[in-house]
There are 2 protein chains.
Amino acid sequence: MSDAPREIEALIEMMAKLPGLGPRSARRAVLHLIKKRGLLMNPLAEAMQAVAQTARECLNCGNISTGDVCPICTSEKRANGELCVVEDVADLWAMERSNVFKGRYHVLGGTLSALDAVGPDELRIPKLIDRVTSEGITEVILALNATIDGQTTAHYIADQLDGRVNVTSLAQGVPIGGELDYLDDGTITAALRARKSL
Amino acid sequence: MSDAPREIEALIEMMAKLPGLGPRSARRAVLHLIKKRGLLMNPLAEAMQAVAQTARECLNCGNISTGDVCPICTSEKRANGELCVVEDVADLWAMERSNVFKGRYHVLGGTLSALDAVGPDELRIPKLIDRVTSEGITEVILALNATIDGQTTAHYIADQLDGRVNVTSLAQGVPIGGELDYLDDGTITAALRARKSL
């Protein structure tokens, strides 16, 4: 016989599919949920159903929101001519948390990747090129991850937009609070090449 | 403004309360769920609601089950006179996975703890003493964690049952596959004291 009832095993299996949880931690999480079923499990199931019903991708930028167009795209205040291109919604949220960028976003939904057969049409690159014209964008800021795929995608987008708009990218260098001894060679090389006079 | 819509922030906050997930991994899990809302999020919410409605503690042993009395307590095959006492349902599931114990269980729901003011009545100790008589138990096997609280609880239960029934506990020693060099002093001491002739 199985060690837990069938419904509970099914729940554990689904929880184990979440990133960051394996079979063992999913089991622990489900036991915790069952112990707190009134306080945590019922509200969590309801919150999950509510989000599953309302959350969708913004038709304009790809951000996740509860309407067809997200609050950033509808806010006139954010129409300052700056467009920040990110790979993923998580990156958009990270930029928003830093609370320093006041323009709009464009979420690509990934990076170009020859290995995974991801071309420009799989990402939101055609839509990005449309928006640059239709929204009167003056600067496209590429905030892509400093990985090989991220940088390849950045160069591809810069080529496509060449001449139409000012294209910039995030600075690379020593992170704030970073200790040289713990940094990789690539970061030190980039930081040295981009050195500034004090 | 917040970096995610209110409903989504609420879901992230609840997910972050699960053991093994922090705010950052909860955010990542929720984004994953939103991306797979048809395939994973809706079924997960439904499975969670189903378990929240049906799962309850077995009135006899404290195991989690979908009825008032769990399948192990109702199975006549498991009435072999052996009763295995565990701290938690997770420990019961671990024992069941090893597939070697054929008797019944009794889940205490924790350990005695002076610091947390947990006395015998907060655990299922009175019920355990009842069961020893009413179910004709011949051996009580204490499978409690090898922690100070676990061992204190084991000694307390052994005292309470003294003379009524044979009380044993799991052997302590070198775990299978364990290397002496990586074992703590306490385990080596226990294994040496309990050495057996080959």
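I take exposed to mean over 50% relative accessible area, buried to mean under 20%, and partly exposed to mean in between. I keep in mind that this is a predicted model.

**Entry 1**

A:A117 has a relative accessible area of 59%, so I count it as exposed. I found A:A117 in the loop between β4 (104–107) and α6 (125–134) of chain A. Then I checked the backbone angle. Most residues other than glycine have a negative phi. A:A117 is not a glycine, yet its phi is positive, about 55°.

I turned to chain B next. B:A117 also has a positive phi, near 55°. B:A117 sits in the loop between β4 (104–107) and α6 (125–134) of chain B. Its relative accessible area is 62%, so I count B:A117 as exposed.

**Entry 1: the two chains**

How is chain A laid on chain B? I noted a turn of 180° and a shift of 0.0 Å along the axis, with an RMSD of 0.1 Å. The two copies are therefore related as by a two-fold rotation axis. I then asked which C-alpha of chain A is nearest the axis. The C-alpha of A:A45 is, at 2.3 Å from the axis. I also compared the contact residues: 100% of those of chain A recur in chain B, and the same surface serves both copies.

**Entry 2: the Toprim record**

I checked the UniProt record, an unreviewed entry. The entry lists residues 81–175 of chain A as "domain: Toprim". Over residues 81–175, I read 36% helix and 18% strand for chain A. The end C-alpha atoms of this stretch are 28 Å apart.

I looked at A:G173, which lies in the loop between β6 and α8 of chain A. Is A:G173 buried, partly exposed or exposed? Its relative accessible area is 33%, so A:G173 is partly exposed. Which residues does A:G173 contact, leaving aside neighbours within four places in sequence? I found A:T187 and A:A191. I also checked A:G173 against A:I188, which is 15 residues apart from it along the chain. Their C-alpha atoms are separated by 6.9 Å.

I moved on to A:V174, in the loop between β6 (166–169) and α8 (185–193) of chain A. A:V174 is partly exposed, because its relative accessibility is 37%. I found that A:V174, A:L180 and A:I188 make a nonpolar surface patch of about 250 Å².

Definitions and conventions: Residues numbered from 1 in each chain as written. Chains lettered and ligands numbered in written order. Predicted model: local features only at pLDDT ≥ 70, side-chain atom pairs only at ≥ 80, totals over all residues. Heavy atoms only, no water. UniProt positions renumbered as here; feature names shortened; annotations may be inferred. Helix = DSSP H or I, 4+ residues; strand = E, 2+ residues; numbered from the N terminus. Patch = residues over 30% accessible without salt bridge, like charges linked within 9 Å, V, L, I, M, F, W, Y side chains within 5 Å. Areas by Shrake-Rupley, 256 points an atom, 1.4 Å probe, with all protein chains shown as cover. Salt bridge = Lys/Arg side-chain N within 4 Å of Asp/Glu carboxyl O. Buried < 20%, exposed > 50% of the residue type's maximum accessible area, 1.4 Å probe, protein only. Least-squares fit on C-alpha atoms with pLDDT ≥ 70 in both. Contact = heavy atoms within 4.5 Å.
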